Amino acid sequence: MPDPIRRAADPDSAPDAVRLRGVGFGYGGRPAVLRDVNLSLPNGSFHFLTGPSGAGKSSLLRLLTLAARPQAGRISLFGQDVTQLPRREVPALRRRMGVIFQDFRLLDHLSAFDNAALPLRLAGERPADYAA
Ligand SMILES: Nc1ncnc2c1ncn2[C@@H]1O[C@H](COP(=O)(O)OP(=O)(O)OP(=O)(O)O)[C@@H](O)[C@H]1O
Ligand SMILES: [Mg+2]
């Protein structure tokens with residue numbers, strides 16, 4: 001049986017996890033933050049995104065989590081074109097991603113455990129499977 005990690009990283013056997021073609025993005029009427037971005041990240045691969053403050057790293061991640069939409073170009077995630085994905089379909093797609101925010105985004109009224117467990121609860125996991 002083929003090594004599952006090798007198979008997942010094989011571009012011939014799985015669609016790219018992320019694929020951007022000619023993507024442009026900006027805020028309001030200001031100059032574009034991202035211009036004609038082409039990017040392919042194969043399934044199972046590992047990457048760092050680096051650049052100076054204001055380079056557009058968070059903006060790119062916002063596009064990948066569908067928190068923002070591009071003004072130009074196309075974005076595919078897990079082999080699906082999501083450029084114009086209806087809003088109601090975004091939560092299901094987001095459940096396939098793990099995001100750790102720079103500024104925590106914790107909910108004040110929940111304990112640390114409940115904050116960490118929330119995505120599992122929303123995904124329908126049984127407490128017995130994740131509670132100690
Ligand atoms: N909500 C916003 N409204 C208007 N302009 C914004 C907004 N968010 C970011 N920008 C501008 O977009 C550009 C890219 O910002 P972005 O936050 O993507 O950069 P970054 O690479 O993540 O920076 P940092 O390393 O400081 O986190 C910057 O010029 C920033 O001022
Ligand atoms: Mg940032």
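Reader: How many charged residues does the shell around ligand 1 have?
Author: This is a predicted model, in which local features need pLDDT of at least 70, side-chain atom pairs count only at pLDDT 80 or more, and totals for chains, interfaces and linings use all residues; side-chain values use heavy atoms, without hydrogens and water. Residues are numbered from 1 along each chain as its sequence is written, while chains are lettered from A and ligands numbered from 1 in the order in which they are written. The shell, with a heavy atom of each residue within 4 Å of the ligand, includes Y27, R30, K57 and R62. By class, there are 4 nonpolar and 5 polar residues, and the number of charged ones (Asp, Glu, Lys and Arg) is 3.

Reader: Which side chain has an N or O atom 2.6 Å from an oxygen atom of ligand 1?
Author: A polar contact is a pair of N or O atoms within 3.5 Å. For K57, the side-chain distance to a ligand oxygen is 2.7 Å. A polar backbone atom of S58 lies 2.8 Å from a ligand oxygen. The side chain at 2.6 Å belongs to S59.

Reader: How much of the accessible area of ligand 1 does the protein cover?
Author: On its own, ligand 1 has 630 Å² of accessible area (Shrake-Rupley method, 1.4 Å probe).

Reader: How many nonpolar residues does the lining of the largest pocket have?
Author: A pocket is an open set of points on a 1 Å grid where a 1.4 Å probe fits, with protein on both sides within 12 Å along at least five of seven lines; lining residues have an atom within 4 Å of a point. Of the 43 lining residues, those closest to the centre include T65 and G98. Besides 9 polar and 7 charged residues, the lining has nonpolar ones numbering 27.

Conventions
Polar contact = N/O pair within 3.5 Å; in protein donor to acceptor, adjacent residues only side chain to side chain.
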